[in-house]
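Q: Can you walk me through this one? I'd like the cross-links, the charged pairs and the core.

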Amino acid sequence: LSLPAPSDGSNLGGDGLPVQTEQQPILHDARPVTGVLHLEPNGCWVADTEGMRQVVIFPVGFHKATEDTHSMRSSDGASFSDGSTFDGMGSAVPVERLVGYADGFFGSYLAFCDPETPEVFVLDSIMPTGTEHDELRG
């Protein structure tokens, strides 16, 4: 099963990258965070944040880079790959709070990436560390 297709016509739910949608944002208490992204050998993205390594769900608009399947881009074109450091807004969220967790895309993704995890790290916005910005964007 996959997430509903975002309204922008892209196929975020179908390319294996766990991304929030505008139609079904994940409600949580996002706070400022700094971390490092990692692409695991199994193809799953995790983030080291707050002393923990967790599977990541990315902000609306994230997509795999067409020129390199081992990197991705934010909605404003910022590039991220294995080892990228970031500043953002996010928090750990219990997996049961994910829309459609039990029988949807997120459940399938986590069953493959980390079936025993009780939480994922949800990012609402992300920018490469050191980027000058007034507001963090997704």
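**Disulfide, salt bridges and core**

A: A search of the whole structure turns up 1 disulfide, meaning a pair of cysteine sulfur atoms within 2.5 Å. One caution: this is a predicted model, where local features need pLDDT of at least 70 and side-chain atom pairs count only at pLDDT 80 or more, while totals for chains, interfaces and linings use all residues. Residues are numbered from 1 along each chain as its sequence is written, and side-chain values use heavy atoms, with hydrogens and water left out.

Q: Which cysteines does the disulfide join?

A: Cys44 and Cys113, with an S to S distance of 1.9 Å. The pair links distant parts of the chain, 69 residues apart. Cys44 sits in the loop between β1 and β2, and Cys113 in helix α1. Helices (H or I, at least four residues) and strands (E, at least two) are DSSP runs, numbered from the N terminus.

Q: What handedness does the disulfide have?

A: The torsion about the S-S bond of Cys44 and Cys113 is about -80 degrees, so the disulfide is left-handed.

Q: Are those cysteines buried or exposed?

A: Cys44 counts as buried, because its relative accessibility is 2%. Cys113 counts as buried too, at 15%. Buried means under 20% relative accessible area, exposed over 50%, and partly exposed in between (1.4 Å probe, protein chains only).

Q: Switching to charges. How many salt bridges are there?

A: The count comes to 3. The rule is a side-chain nitrogen of Lys or Arg within 4 Å of a carboxyl oxygen of Asp or Glu.

Q: What does Arg31 pair with?

A: Glu50, at 3.0 Å, N to O. Arg31 lies in strand β1 and Glu50 in the loop between β2 and β3, so this pair ties together parts 19 residues apart in sequence. Arg31 is partly exposed at 34% relative accessibility. Glu50 is partly exposed as well, at 46%.

Q: And which residue forms a salt bridge with Glu40?

A: Arg53, with the closest N and O atoms 3.0 Å apart. Glu40 is in the loop between β1 and β2 and Arg53 is in strand β3, so the pair ties together parts 13 residues apart in sequence. Glu40 has a relative accessible area of 25%, so it is partly exposed. Arg53, at 43%, is partly exposed.

Q: Where does Asp48 come in?

A: Asp48 forms a salt bridge with Arg53, the closest N and O atoms being 2.9 Å apart. Asp48 is partly exposed, at 27%. Shared partners join Glu40, Asp48 and Arg53 into one network of salt bridges.

Q: New topic. What about the largest nonpolar core?

A: It has 32 residues, and Leu37, Phe58 and Leu98 have the most contacts inside it. A nonpolar core is a set of buried Ala, Val, Leu, Ile, Met, Phe, Trp, Tyr and Cys residues joined through side-chain atoms within 4.5 Å.

Q: Which elements supply this core?

A: Those giving at least two residues each include β1 (31-39), β3 (52-57), β7 (85-94), α1 (105-113) and β8 (119-128).

Q: What is Phe58 in contact with?

A: Leaving aside neighbours within four places in sequence, its partners include Leu17, Pro18, Leu37, Trp45, Met72 and Leu123. Contact means heavy atoms within 4.5 Å.

Q: Last one. Where is Ser74?

A: In the loop between β5 (68-73) and β6 (79-81). Ser74 is buried, with a relative accessible area of 1%.
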